[in-house]
Amino acid sequence: MIREVPGEELARRLQVACPGAVEAWQDISLWVKPQRILEVCRFLNQMPGLEFNLLNSISGVDYIEHFEVVYHVTSTINLHSAVIKARVYGREEPSLPSVVSLWQGADFQEREVWDLMGVRFEGHPNMKRILLWEGYPGFPLRKDYLEAPR
Amino acid sequence: MPIRSEPVTVNVGPQHPSTHGVLRLRVTFDGEVILDMEPVFGYLHRGSEKLGEERTYTQVITLTDRLDYVASMTNNQAYVLAAEKLAGIQAPERGMYLRVIAAELQRVASHLVATGFLLNDLGAFATPLMYCFRERERILDLFEMLCGARITLSYMRVGGVFQDAPEDFWPALRKFMADMPHYLDEYEQLLTDNEILVTRTKGVSILNADHALNASVTGPVLRASGLPWDLRKIDPYEIYNRVQFDVPVGKAGDNYDRFKIRIDEMRQSLRIIEQCIDQIGPGPVRAIVPSLIRPPIGDAYGRIEGPKGELGFYLVSDGSIAPYRFKIRSPSLINLTVLRDILIGWKLADMIVTLGSIDINMGEVDR
Amino acid sequence: MAFLEGHALFRNLYCLLAGNLDNTVACSGRGGLLPVGWEWLAFAITAFAITMVLLNVFLVVTMFYTYMERRLLGRFQGRLGPNRAGPFGLLQPVADAIKLLTKESIVPRGTDLLLHNLPPVIMVATVFVTLAILPFGEDTFVANLNVGVLFFLAITSVNALAIFMAGLSSGNRYAVFSGMRAVAQLISYEVPMVLSVVGVILLAGSLSLVEIVEAQRIPFFLLQPLGLFIFVVAISAEMNRTPFDQLEAESEIVAGFHTEYTGMKFGLFYLAEYAAVLTSAAVIVTLFLDGWNGPWLPSPLWFLIKVFFLAFLFIWVRATLPRLRIDQTMAFAWKFLLPLSLLNIFVTATLVLLLGEETATGVALSTGGLWAMAGINSVVALASVLLFARMVHLRTPVHPIPSMQPSPSEVA
């Protein structure tokens, strides 16, 4: 059975390692400051006892006043999983650091979030659109995206 | 005088006999040797995630059919599990058993397709493919009995399955279960005894477990690298904790292991189905849920061990009848992350086989 | 007039036209239809008649063979195969031919037209030219060429040129891959193929296909099991059949050299491919399987039966085996077949010297000697093939080479 680590527990450990990075927590979710996501993820990936070595998925959600980037991570060593979220504000050029340096599996997923949701990942080596073509107007999964251009 | 030579860039696909759909690989060759490769996606992008935001929770099931169209059952299962987690619905026991039987049958069908196409990519002129499809047909016949459809099944519902299995389904299933091990022996024999096949696949495109895990590779590809990571075992959903089965693992993580592991997994799937047939009891197959489900505000990530890897659905609800966000974690796309790394230095012919051994489905890659 | 020594039908036609004048052919009639001095016309008409009959019969047989191949492949694969056009689908090849003939011929932009249009013709021509030397039955051949084997080997090697031309002129990178593979593979397999025939020539003491058949007191496949094995493997590589179909490896390079050919130009490649199976089978029959000889049945029928039996084996192999990689294909030729064929020559020559008796025309073997040789050669063939299979590994250790240019991610 994979244990879902409560956000509170992670927040306690993060307060020591990355003070000020945690914004909030609720149930199994933990909200961190977007600019510090790489730092937090590195801690989660490398800290003995946590060792989240499998990045399940990166999702982007458009909550209109902000974007939320959700990281589902799992540890195959300690058999637990966690949900890390980052609220990114601003609709013009929302961005946060890329975690490709930690997990290669983030490569295509971050490109997908950029392609469909329009959230940039700084430090990604190949931040190109993945499903749509370069120069496609708009980001289809945003809530204010109305229809495909004719 | 040295002869001037330069690398050649070839677009393999999107129109190519063995890119498994419309995948395009921009490959740089030095003669036959691959120097560099970049996959290009999007030729089958239909915007499923956006479409899902405008459909009710039940209607979304039809969208999931069209993701990995050779494994619709498992797509259904992953989605309804996510939706049940979000809405706090528990499916009745018989419903869960039926789901597991259907999902395991679908796993066998999907692995048959993968095995057949891999052998086809090896150049075995469609014979193994036709043999694999012969057995797959019988599974599709079983599905037809269950829900009337063969490919786009939409058999599962939030809170159970669409309907109970008809009377004549069980004898047909038992007949299939009796025949299948013999066919699997046939494939196994083909695999271990054929010198050409072994020569072509052993030691080619080795992927080690650490690399695979770091690249979020899951499913048979990860297990072939030697890590027994199977969500059915490690995080049992539905009734998988009540059945006995092994998780086959490979040793080297080469094409041969990725190929062999699928045959082993088919055997395990048959074991699971056998136990399900024994254990299944009478009862309702579907919980009483409203036709328009309104889950509470929140989010849920439901995942299963699909035939191609961890298939996950991340659903966000705003309390309305349609998901606010419907995100698909597609194993096909994410498994392709490692393709470039395990291909460089190998030859054109190996590229096709390695791509086949990863077993992608473009419906799921592009969504 | 060695050219027309074949079948009595054509000899009679020539006699009818030219009469019993100053030629070596014994004609019973007195004067011919044509006046004296016009023998060349009689010769031309007769040769034309032979060619027409032969080509048409051969085309019909090839058509039937394509039907057979597709039908059998269907059965091997657990499906029906073509069964709609005509009774049992027998008219399927006709339907295919009509379809191909009526299709538009598309030529890629910027190709050299000569280079593009010539290869299908060369491919078909080389296959048809082979017919000239094949003895189809007792006294049924066009020409008893005294260098028949050499002629066949020379003609088949022209294929490589045609495929290379087709590959380069198409302006398609898959076709270029195919052309490169063609040059590598076809030339490599030429070597063991030629060497494997040497054993037969040593035994027969002649290069003429007719004399080789006549020399087979016991069929040469008993005397030359190793030679037969090497020849069959090499010739199936020469005509791009699985497991050596590198040139048109569908799952890798689409259709290889004929990717860009449409309509009847593609049809000609298709025809040449299937006709090559028949001519290759015919050559194997002639060299190793006692040619037209057989009890009870008329000799051409025996020949046809043997050819179609071999064709069936080729279809069987095609339906069963996966493909080797190009480097493994090459390694198989150079590491496995070449040493074996040299060994075969050595063993055969030694045995001919040891067991043979000096006669007026050269060294000949008695029937007892031949059987002894068959026994020894079978043992040698079995032992050497098993030994080589253990010793030679096709699995080349490939060290993945580092990327020579920055990856796209690094560029971006």
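Start where chain C meets chain B: the rule finds 10 residue pairs in polar contact across this interface, both residues at pLDDT 80 or more. (A polar contact is a pair of N or O atoms within 3.5 Å; within protein, one must be able to donate a hydrogen and the other to accept it, and residues adjacent in sequence count only if both atoms are side-chain atoms.) Next, colour α2 (39-76), α7 (173-204), α11 (250-253), α13 (299-320) and α14 (326-355) of chain C, since each supplies at least two residues of the side that touches chain B. Helices (H or I, at least four residues) and strands (E, at least two) are DSSP runs, numbered from the N terminus. The biggest giver is α7(C), with 5 residues. That side of chain C divides into 20 nonpolar, 9 polar and 10 charged residues. (Ala, Val, Leu, Ile, Met, Phe, Trp, Tyr, Cys and Pro count as nonpolar, Asp, Glu, Lys and Arg as charged, and the others, Gly among them, as polar.)

A word on what you're looking at: this is a predicted model, where local features need pLDDT of at least 70, side-chain atom pairs count only at pLDDT 80 or more, and totals for chains, interfaces and linings use all residues. Residues are numbered from 1 along each chain as its sequence is written, chains are lettered from A and ligands numbered from 1 in the order in which they are written, and side-chain values use heavy atoms, with hydrogens and water left out.

Now select K347(B) and D327(C). Their side chains meet in a salt bridge, 3.9 Å from N to O. (That's a side-chain nitrogen of Lys or Arg within 4 Å of a carboxyl oxygen of Asp or Glu.) The rule finds 3 salt bridges across this interface.

Hop over to chain B, where three strands form an open antiparallel sheet in the order β1-β2-β3. β1 (8-12) and β3 (33-40) of chain B each have a single partner strand, so one side of each is left without a neighbour in the sheet. Strands count as paired if DSSP finds at least two bridges between them. Here, 7 bridges join β2 (residues 24-30) of chain B to β3(B). Click L25(B): which residue is its bridge partner in β3(B)? Look for P39(B).

Last stop: another open sheet in chain B, with 3 strands in the order β6-β7-β8 and antiparallel pairing. Pick out β7 (residues 309-317) of chain B, which pairs with β8(B) over 5 bridges. Finish on L315(B), which stands opposite F326(B) in β8(B).
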